[in-house]
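Here is a short briefing on one protein model. Look over the sequence and the 3D view, then work through the points by topic.

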Amino acid sequence: MDLLNPQLRAFTAVLEEGSFEAAARTLYITSSAVSQRIKALEDRLGQVLVLRQPPCRPTPAGERLLRRVRPMQVLEAEALADFLPEKNGPRRPITIAVNSDSLDTWFLAALAKLSQDHGYLFDVRVDDQDHTLELIRNGSVLGAVTAEPTPLQGCEVQDLGIMRYQAIASPAFVARHFSLGVNAKTLDHAPMIVFNRKDELQWRFIRQITPRTMAPPIHYLPTSTGFVKAAALGLGWCLAPETLVNEALAAKELALIAPGLCLDVPLYWQHAAIRSSTLKNMSTALQQAASTSLRSAQN
C-alpha cells in the first residue's frame with residue numbers, strides 16, 4: 001500500500017531497479033503502466049526526469065525530485081506503521097551509502113540491530129568516504145557515512161568517530177623495499193595497492209612523508225578485506241583499518257612500513273533533516289556500533 005502518488009512510486013522504482021521492466025515487476029503492474037506514470041509526472045512538472053537508457057538514471061531535475069521524495073518515503077512508512085500496524089508485508093528498503101572499510105568493520109552490526117529491533121530493510125550503496133555525500137546530493141540515498149563534516153542543505157550531521165589506518169606490508173616486502181627507510185625514493189619504487197581510482201588514502205599517507213610527486217607501481221584491488229591478504233602475500237603495501245590488521249600484525253604476518261605513522265580519517269553520519277523515528281533509530285544504532293570500532297576525537 002502506498003500513500004504517495006503512484007507516479008512518484010513509479011519514478012523511484014525505475015531509478016532503484018534500473019529499468020522500466022524491473023520497476024514493473026516490483027510494483028506488480030505492466031511496463032506500459034510504469035511508462036505512462038513517469039510520462040504523466042514529467043508532463044505535470046514540465047521536465048524530463050528519467051534518462052531512458054540502461055540503466056535508467058535521473059536527469060538533473062530528476063535528482064532534485066528524488067532528493068525530495070526520499071524523506072517522504074520514510075515518513076510514509078512510519079505513517080502506515082502507525083495507522084495499519086497489522087500490515088506485516090515487505091517494507092521498502094532504506095537507501096544508505098557507506099564506505100567499504102566501514103562496511104567490512106563496524107557497519108553491519110548496526111544494520112543487524114536495526115533489522116532485529118525494527119524490521120528495517122536496507123539498500124546499501126558503497127563508495128569512497130570522500131564521495132558518498134554525492135549520493136545524498138543526487139537523491140540516490142537518504143543518508144551516508146561520509147568524511148565531510150559540513151552538512152548539505154536540508155541535512156543533519158552526527159560525528160561517528162575516527163577510523164585509523166595503518167600502512168602495512170608483509171615482513172619480507174618491508175625488508176626488500178624499505179630496508180633504507182620510508183622516504184621519497186623507496187616509496188617511488190615500492191608497489192602500492194589501491195582500492196580504486198577514487199581512493200586517495202595511500203596518496204594522503206605519502207604526502208605526510210614527502211611533498212614530491214610520485215609515480216609508484218600500483219595494483220588496483222577493490223576489496224577492503226582483500227587488502228590485508230594481498231599485503232600479507234607480498235603484493236604491495238597499502239593502508240588498512242587498524243581493526244582489520246591488528247591480529248595479523250600480532251602474528252607477524254604483517255608489518256608496519258612506518259611504525260608510529262598512521263592516517264586518521266574522521267567519519268560522520270549525514271542524513272535528511274526530518275523528524276523521523278526511523279532516522280533517529282538509525283543514528284543511535286550507527287553511533288553505538290561505531291563506538292566499538294572507531295576512535296573518539298579525544299584519543
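This is a predicted model. Begin with helix H3: the cover over its buried residues includes helix H1 (6-17), helix H2 (20-27), strand S1 (50-51) and helix H4 (60-83).

**Helix H3**

- H3 covers residues 31-45, which makes 15 residues.
- At 1.5 Å a residue, H3 should span 21 Å, and its end C-alpha atoms are 21 Å apart, so the two values agree.
- Which residues of H3 are buried? They are Ala-33, Val-34, Ile-38, Leu-41 and Glu-42.
- An α-helix has 3.6 residues a turn, so residues three or four places apart point the same way.
- Just after H3 comes Gly-46, with a positive phi of about 75 degrees.

**Backbone angles to look up**

- Most residues other than glycine have a negative phi, and most peptide bonds are trans.
- Tyr-28 is not a glycine, yet its phi is positive, at about 60 degrees.
- Tyr-28 sits in the loop between H2 and H3.
- Is Tyr-28 buried or exposed? Its relative accessibility is 76%, so Tyr-28 counts as exposed.
- Lys-252 also has a positive phi, near 60 degrees.
- The peptide bond from Pro-54 to Pro-55 is cis, with omega near -10 degrees.
- Pro-55 belongs to the loop between S1 and strand S2 (57-58).

**Aromatic pairs**

- How many aromatic pairs does the whole structure hold? The search finds five.
- One of them joins Trp-106 and Phe-107.
- Trp-106 and Phe-107 are both buried.
- Tyr-120 and Phe-122 have ring centres 6.4 Å apart and planes at 85 degrees, so this pair is edge-to-face.
- Tyr-120 has a relative accessible area of 8%, so it is buried.

**The cavity**

- Rolling a probe the size of a water molecule over the atoms shows where empty space is left.
- There is one cavity of 30 Å³ or more.
- The largest cavity has a volume of about 40 Å³.
- Its lining is made by Met-163, Arg-164, Pro-241, Glu-242, Thr-243, Ser-293 and Leu-294.
- Strand S6 (155-169) and helix H11 (242-250) each give at least two residues to this lining.
- Sorted by class, the lining of the largest cavity has three nonpolar, two polar and two charged residues.

**The second largest pocket**

- The second largest pocket has a volume of about 360 Å³.
- It is lined by 16 residues. The closest to its centre are Arg-64, Arg-67, Arg-68, Gln-153 and Gly-154.
- Which helix gives the most to the lining of this pocket? H4 does, with six residues.
- H4 and helix H6 (132-137) each supply at least two residues of the lining.
- By class, the lining of the second largest pocket has eight nonpolar, two polar and six charged residues.

Methods:
Residues numbered from 1 in each chain as written. Predicted model: local features only at pLDDT ≥ 70, side-chain atom pairs only at ≥ 80, totals over all residues. Heavy atoms only, no water. 1 Å grid on protein atoms, 1.4 Å probe; cavity = no way out; pocket = protein on both sides within 12 Å on 5 of 7 lines; lining within 4 Å. Points joined across faces, edges and corners; volume = space filled by probe spheres on them. Helix = DSSP H or I, 4+ residues; strand = E, 2+ residues; numbered from the N terminus. Nonpolar A, V, L, I, M, F, W, Y, C, P; charged D, E, K, R; others polar. Expected span 1.5 Å × (residues − 1). Buried < 20%, exposed > 50% of the residue type's maximum accessible area, 1.4 Å probe, protein only. Contact = heavy atoms within 4.5 Å. Phe/Tyr/Trp six-rings, centres within 6.5 Å; stacked < 30°, edge-to-face > 60°.
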